[in-house]
Amino acid sequence: MLERIFESLLIKSRIVTILPVIFGLIGAFVLFVIASYDVFKVIFYTYNYFFGLNANIDLHEDVVALIIGAVDLYLMALVLFIFSFGVYELFISEIEEFKQMKQSKVLEVHSLDQLKDKLAKVIIMVLIVNFFQRVLQMKFSTPADMAFLAGSILALCLGLYFLHKGNH
């Protein structure tokens with residue numbers, strides 16, 4: 001009797017996982033809005049540059065940095081999105097409408113390991129984009145700097161190769 005009551009409470013306590021689902025989705029939406037704002041800033045800067053309203057803008061550096069930053073934020077939002085859907089499907093309930101959609105494979109999660117794998121791949125892409133953003137801001141003054149850049153790009157390529165090779 002006491003065991004059944006405890007098990008019932010234990011099973012119902014899984015509903016607390018709705019909190020990371022809700023706040024993960026809120027965080028994703030916030031990041032989508034911020035990234036979209038950055039893209040609007042790029043449009044505004046470009047308009048001002050070409051129509052002579054503000055010729056002091058370094059269009060190449062500012063625009064590239066903002067676009068890469070926006071891509072980085074979009075990817076982080078996707079991490080939160082995938083996390084929220086995965087936690088919901090694993091702990092609360094499967095989403096039946098997803099099963100009929102072609103896009104459901106991206107968000108469909110059947111185990112915690114599968115959720116971790118999906119998140120890890122997107123997080124790696126976030127890190128690569130962040131690396132690219134930082135490289136664009138660096139000033140290379142010595143041949144050693146260029147060699148380190150080449151080595152880090154090679155390491156990224158090898159890492160992506162082995163990450164992709166693990167799927168086959």
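User: What counts as an aromatic pair, and how many does the structure hold?

Analyst: Rings of Phe, Tyr and Trp (its six-membered ring) pair if their centres lie within 6.5 Å; planes under 30 degrees apart are stacked, over 60 edge-to-face, and the rest tilted. Here there are six aromatic pairs. Bear in mind that this is a predicted model, where local features need pLDDT of at least 70 and side-chain atom pairs count only at pLDDT 80 or more, while totals for chains, interfaces and linings use all residues. Residues are numbered from 1 along each chain as its sequence is written, and side-chain values use heavy atoms, with hydrogens and water left out.

User: Why is the pair of phenylalanine 44 and tyrosine 45 called tilted?

Analyst: Their planes stand at 45°, so the pair is tilted, and the ring centres are 6.5 Å apart. Phenylalanine 81 and phenylalanine 85 also make a tilted pair, at 5.0 Å centre to centre with 55° between the planes. Both of these phenylalanines sit in helix H3, four residues apart, about one turn of the helix. Ring pairs also join Phe29, Phe32, Tyr74, Phe81 and Phe85 into a cluster.

User: Is phenylalanine 44 buried or exposed? And phenylalanine 85?

Analyst: Buried means under 20% relative accessible area, exposed over 50%, and partly exposed in between (1.4 Å probe, protein chains only). Phenylalanine 44 has 51%, so it's exposed. Phenylalanine 85, with 18%, is buried.

User: Which residues have the most contacts inside the largest nonpolar core?

Analyst: A nonpolar core is a set of buried Ala, Val, Leu, Ile, Met, Phe, Trp, Tyr and Cys residues joined through side-chain atoms within 4.5 Å. The largest one has 15 residues, and those with the most contacts inside it are Leu75, Val79, Ile82, Leu107, Leu115, Leu119 and Val122. Helix H3 (59-92) and helix H6 (112-137) are the elements giving two or more residues to this core. Helices (H or I, at least four residues) are DSSP runs, numbered from the N terminus. H3 gives the most, with six residues.

User: What does valine 122 touch, leaving aside its neighbours within four places in sequence?

Analyst: Contact means heavy atoms within 4.5 Å. On that basis, valine 122 meets Leu75, Leu78, Val79 and Ile82.

User: How do H3 and H6 run relative to each other?

Analyst: Axes are lines fitted to C-alpha atoms, for helices over the stretch in contact, with angles from 0 to 180 degrees between N-to-C directions. Those of H3 and H6 come within 9 Å and cross at roughly 170°. Angles over 145 degrees count as roughly antiparallel, under 35 as roughly parallel, 65 to 115 as roughly perpendicular and the rest as oblique. H3 and H6 are therefore roughly antiparallel.
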